[in-house]
Amino acid sequence: MSLTAPVRRAARVLRHPTGALLALTAGALLLVLLFLFTDLPGKWEYALGLRGRTVAGMVIAAAAVGAATVLFQTITSNRILTPGIMGFDAVFLAIQTLVAFAIGPALLVAAPPLASWLVELVLMAGSIVLLYWWLFVRRRLDLHVIVLAGLVLGVLFRSVTAFLQRLLDPDTFAILQNLAFASFTSVDRELLVPTGILVAVALASLWPIRRELDVLSLGETTAISLGVEHRRVVMHVIVAIAAMVAASTALVGPVTFFGLIIANLAYGAVGHRHLRSIPAAIAIGVIALIGGQLILARVLGFGTELPIVIEFVGGIFFIVLVLTGRAR
């Protein structure tokens, strides 16, 4: 009896959204410490620097992808749509392919990392924001029509990219294939600070509209009837999503299904209130990335790559959500 009472109290705490969020945050911090400080070699300074860069890249990617997915599913009222599925990542691959096709692979390889990051960021975020502004604000189309247009354009970008890649020589194609997969262990140190600042600014810009976001999740009609300026708030959210997705993709590469997994796990753990669901999605993302990297490195001996595992599990998770009717 002496042991069951504390266990029950702990279970009640974890069932509460705030307790679950604190537990997820503590788990993420513990994994970060384990990743950084376990099995350090003799010359630990160099190894710790490499691990610190990897952890920083994973945390930034988890923050950007997790928050962007929660926000995107809020404005679309759909639990299976993510920026990656909508074709945001396809814009990145299309830009890389067009550059390689028009100028050659030398520019992709030899360009300074910061300059390349800035160009990719401006082109990706700019094209996404302009498209949604034109359709949503200028043409005043319904959001569901815009979502359908995004899906169609994503398929179009992927088709054009695949066609152009077939026309490239094998060496250039190999370079592009390398860019098509995310890499969390070879992040450029020079890009960590600007990417982190951009993601932090995008997240901070959401604080003044945090209550509107909760109302927005009730649906467009309900939100408007409760006094929310729907188009202004949605456009604000789209700009923040575009900035975070573009920055993360330019840093580590595209991850289509990662956001789908961590966002839905966050809803199950803490509910849909954004003050808890966004931090929970970030914490779960950190746990998934760092925990997965620890398992691959210490248990499986790098038998596979973490992005491949994420995409495989995410694809299965997507199918389960569709078949069980949990899209909304």
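Predicted model: local features only at pLDDT ≥ 70, side-chain atom pairs only at ≥ 80, totals over all residues.
On the helix 3 side, the residues in the contact are Ala 62, Val 65, Gly 66, Thr 69, Val 70 and Gln 73. Their counterparts in helix 13 are Phe 258, Gly 259, Leu 260, Ile 262, Ala 263, Asn 264 and Tyr 267. Colour this contact by residue class: eight residues are nonpolar, five are polar and none is charged.

Now show the two helices whole, residues 44-76 for helix 3 and residues 258-270 for helix 13. Their axes come within 9 Å and cross at roughly 70 degrees. Because angles from 65 to 115 degrees count as roughly perpendicular, that is how helix 3 stands to helix 13. The crossing is right-handed.

The structure holds one cavity of 30 Å³ or more, and the largest cavity has a volume of about 120 Å³. Its lining has 15 residues, and the closest to the centre are Val 65, Gly 84, Asp 89, Val 245 and Val 255. By class, the lining has six nonpolar residues, eight polar and one charged.

Next, select helix 2 (residues 17-37) and helix 14 (residues 274-298). Here the axes come within 9 Å and cross at roughly 30 degrees, and the crossing is left-handed.

To see the contact, display side chains on both helices. Helix 2 brings Pro 17, Thr 18, Leu 21, Leu 24, Thr 25, Gly 27, Ala 28, Leu 31, Val 32, Leu 34 and Phe 35. Among the residues they meet in helix 14 are Pro 279, Ala 283, Ile 287, Ile 290 and Leu 294. Arg 276 and Arg 298 of helix 14 also belong to the contact. By class, the contact of helix 2 with helix 14 has 16 nonpolar, five polar and two charged residues.

How values were computed
Residues numbered from 1 in each chain as written. Heavy atoms only, no water. Axes fitted to C-alpha atoms, helices over the stretch in contact; angles between N-to-C directions. Helix = DSSP H or I, 4+ residues; strand = E, 2+ residues; numbered from the N terminus. Parallel < 35°, antiparallel > 145°, perpendicular 65-115°, else oblique. Left-handed = near helix turned anticlockwise from the far one by under 90°. Contact = heavy atoms within 4.5 Å. Nonpolar A, V, L, I, M, F, W, Y, C, P; charged D, E, K, R; others polar. 1 Å grid on protein atoms, 1.4 Å probe; cavity = no way out; pocket = protein on both sides within 12 Å on 5 of 7 lines; lining within 4 Å. Points joined across faces, edges and corners; volume = space filled by probe spheres on them.
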